[in-house]
Amino acid sequence: MDQTYTGVYGRIKALSLDLMSKEKLVALENVSEDDFLSFLSRENYSTEIDRFSSMYGMPDLLEVVVNTHFMRNVNNAITVLPPPAAETIRTYISKFDIRNIELILSSKVLGKDLETTEASIISNRGFPLVSMGGLLSAEDYINMANQKDAQEVMNYLGRTRYGSTIMRTRAAPQTLADVSGIRLALDKEYYTNLRQSFRFYNGDEGPLLGFLQGLIDMRNIMIIIKTAGTKWKIDDMLIDGGSISLQRLLELSSKGVEETAKSLPFQLQEALKQYQQDGLISGFEVELKKQLYEKTVPLFRQNSLSVGSVLGFIMLSEIERDTLRILWFRKHLRFPAYVPSYYYGI
């Protein structure tokens, strides 16, 4: 057993004290919209609330507070990374770069200004935190958001680690469909890099390999569900490396949403019921993530002397972020969003 991870586990366990308990998250369901931030200020969010309360009004303040707190947890986790874990963890969290790039490009295509975009960006917001080792900085995001149009954003990205992928798309996005094409290119590169970043080091990384395969499965399944009933050719949209073969995925792609959901090795009855009621497919992604995380996080926590201890903490922080945002918008928008019980169960 590599003793490198011995100190890492202790520090991650200390960082985990920052996470909200299941009971606290459940209690938030009964907290009013007006008292939501006050509740969070008593749960280790006071630093972000104090920092940004004079700069943003609700609901943007809630977005900034939750996103920044999450990124603070991620940065803290990165500081304890031993070299063997660095590549996989940094590749995993680069998905937030891709999400932010899509957000900024979409805002430019729609003609939205910085104020309507900046609050949703996931970054460290100027806190004196450690560099995320090759990921885009908060300054990069603000610089991109301040560019005149999508073409200038792409020119800026040409100087970053995403430049070669962005430049291969050639034309600047003029519509949201064009942005989706760029997103697809970045997405494929992300999962390919994630798969290639995996290395057996201690010999006990089996749960990590299973998790990475599960992420690819989830991504491929959502493409099939999103394109069900269309004539889109998805051969070049799918990524190899998951536990479900590409041949099986292509077979499923010819079926409708309901038949596909019933044919997958996942329990998607609740998500299917939601889809049948309102036509929304978001429940499938939430349910897939639920089952993947329920299976993986306990394994990471049991195998504490491994890279899983770091990734498990980041995953739990991500779950907390997702939960808080969903609970808040359910109250703010009075919308009965699909929120599965797993957000309180890990």
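**Salt bridges and a helix pair**

Author: Lys95, Lys289, Glu318, Arg321 and Asp322 are joined in a network of salt bridges. A salt bridge here is a side-chain nitrogen of Lys or Arg within 4 Å of a carboxyl oxygen of Asp or Glu. Side chains of opposite charge can pair when their charged atoms come close. By this rule there are 17 salt bridges.

A note on the basis. This is a predicted model, in which local features need pLDDT of at least 70, side-chain atom pairs count only at pLDDT 80 or more, and totals for chains, interfaces and linings use all residues. Residues are numbered from 1 along each chain as its sequence is written, and side-chain values use heavy atoms, with hydrogens and water left out.

Take Arg183 and Glu102. Their side chains form a salt bridge, at 3.1 Å from N to O. Arg183 lies in helix α12 (residues 176–197) and Glu102 in helix α7 (residues 95–110), so the pair ties together parts that are 81 residues apart in sequence. Helices (H or I, at least four residues) and strands (E, at least two) are DSSP runs, numbered from the N terminus. Arg183 is partly exposed, at 25% relative accessible area. Glu102 is partly exposed, at 27%. The cut-offs: buried is under 20% relative accessible area, exposed is over 50%, and partly exposed is in between (1.4 Å probe, protein chains only).

Next, Glu287 and Lys290. Their side chains meet in a salt bridge of 3.8 Å, N to O. Glu287 and Lys290 are three residues apart in helix α17 (residues 282–302), and about one helical turn separates them. Glu287 is buried, at 6% relative accessibility. Lys290 is buried, with a relative accessible area of 15%.

Lys148 pairs with Glu152 in a salt bridge, with the closest N and O atoms 3.9 Å apart. Lys148 is exposed, at 66%. Glu152 is partly exposed, at 26%.

Now the helix pair. Helix α9 (residues 138–145) packs with helix α10 (residues 150–157) at about 150°, and their axes are 9 Å apart. That makes α9 roughly antiparallel to α10. Axes are lines fitted to C-alpha atoms, for helices over the stretch in contact, and angles run from 0 to 180 degrees between N-to-C directions. Angles under 35 degrees count as roughly parallel, over 145 as roughly antiparallel, 65 to 115 as roughly perpendicular and the rest as oblique. From α9, Asp140, Asn143 and Met144 meet Val153, Tyr156 and Leu157 of α10 (contact means heavy atoms within 4.5 Å).
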